[in-house]
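Hi there,

Here is the structure I promised to pass on to you.

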Amino acid sequence: MGRQVGWLIRDGCGLACGVLTWVLVAYAWFVVGVIMLWPYMNAWYGRLNGVLLAAVSCLALASHLRTMLTNPGAVPLGNATPAYIESLRLQPGQVVYKCAKCSSIKPERAHHCSICKRCIRKMDHHCPWVNNCVGERNQKYFVLFTMYVALVSLHSLVLSGFHFAHCFNIQWNGASNVFGIVAHNFLEIERLKGEKPSWERRGSWEGMRAVFGGRPSLAWFSPLDGLFLLFSVRNFPLETHPTALYV
């Protein structure tokens, strides 16, 4: 774990997180692009958002690759030799620091990464999601990656909000019909069969009270209303029920 090949860190956790990042971006593109936008591809709304989503997703993945495959600024291994130190031509009193873990001269603001097994110039942190350290040479790509992922997430969130509002509007129209049937004392099967009412018609308010029971109260909105009464009735044998039917 932590060995570097052509600048690709061979870390199991980092490689898994890097693959998972691509899977999550691809899944987001599938959900938003295929499920939500595909039905509208014949309109400017679908085409514009589809192109925008694809472009930003590709930029995010390209930035991820550059962050993962770019040498973040690794200090050459084992360069803390007398010959190399002499070649630095240090001034009197000038001090250099040697890393005891990788035997390298540590420049200012360089830190040793226990996963990369190297000292990294201007190391910010080791990010498992890009399977690499974020340092002097790849910090730009990491910032671009986080920015494009944030834009993809924001774009997807806005589109999801519009999609939810559209679906809610459709479902609410259907729900309004249901409330209308309840208020006028109809049953859905009677409406579908087109039966003419032979029973006593009720006003809208009376129909609502008949369904929800009693006067308007918070109990109208509670699915637990009458639950205790239901359990208490079940404790009695069937023959004690005044409305029991015997066949």
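Below is what I found, one spot at a time.

Please keep in mind that this is a predicted model.

Let's begin with a pair of helices. Helix 1 (residues 12-37) and helix 2 (residues 44-69) have axes that come within 10 Å and cross at roughly 175°. Angles over 145 degrees count as roughly antiparallel, so helix 1 is roughly antiparallel to helix 2. On the helix 1 side, the residues making the contact include Trp22, Val25 and Trp29; on the helix 2 side, Asn49, Leu53 and Ser57 are among them. Sorted by class, this contact has ten nonpolar residues, eight polar ones and no charged ones.

Leu53 also leads us to another part of the chain. Ser153 sits 100 residues away from Leu53 in sequence, with 9.8 Å between their C-alpha atoms. Ser153 belongs to helix 4, and its side chain reaches the backbone oxygen of Val149 at 2.8 Å. Ser153 is partly exposed, at a relative accessible area of 42%.

The last stop is Asn138, in the loop that runs between strand 8 (132-134) and helix 4 (139-183). Its relative accessible area is 0%, and under 20% counts as buried, so Asn138 is buried. The side chain of Asn138 comes to 2.8 Å from the backbone nitrogen of Gly135. Leaving out residues up to four places away in sequence, Asn138 touches Thr67, Thr70, Pro72, Asn132 and Cys133.

Enjoy exploring it!

Best wishes

Key: Residues numbered from 1 in each chain as written. Predicted model: local features only at pLDDT ≥ 70, side-chain atom pairs only at ≥ 80, totals over all residues. Heavy atoms only, no water. Helix = DSSP H or I, 4+ residues; strand = E, 2+ residues; numbered from the N terminus. Buried < 20%, exposed > 50% of the residue type's maximum accessible area, 1.4 Å probe, protein only. Polar contact = N/O pair within 3.5 Å; in protein donor to acceptor, adjacent residues only side chain to side chain. Contact = heavy atoms within 4.5 Å. Axes fitted to C-alpha atoms, helices over the stretch in contact; angles between N-to-C directions. Parallel < 35°, antiparallel > 145°, perpendicular 65-115°, else oblique. Nonpolar A, V, L, I, M, F, W, Y, C, P; charged D, E, K, R; others polar.
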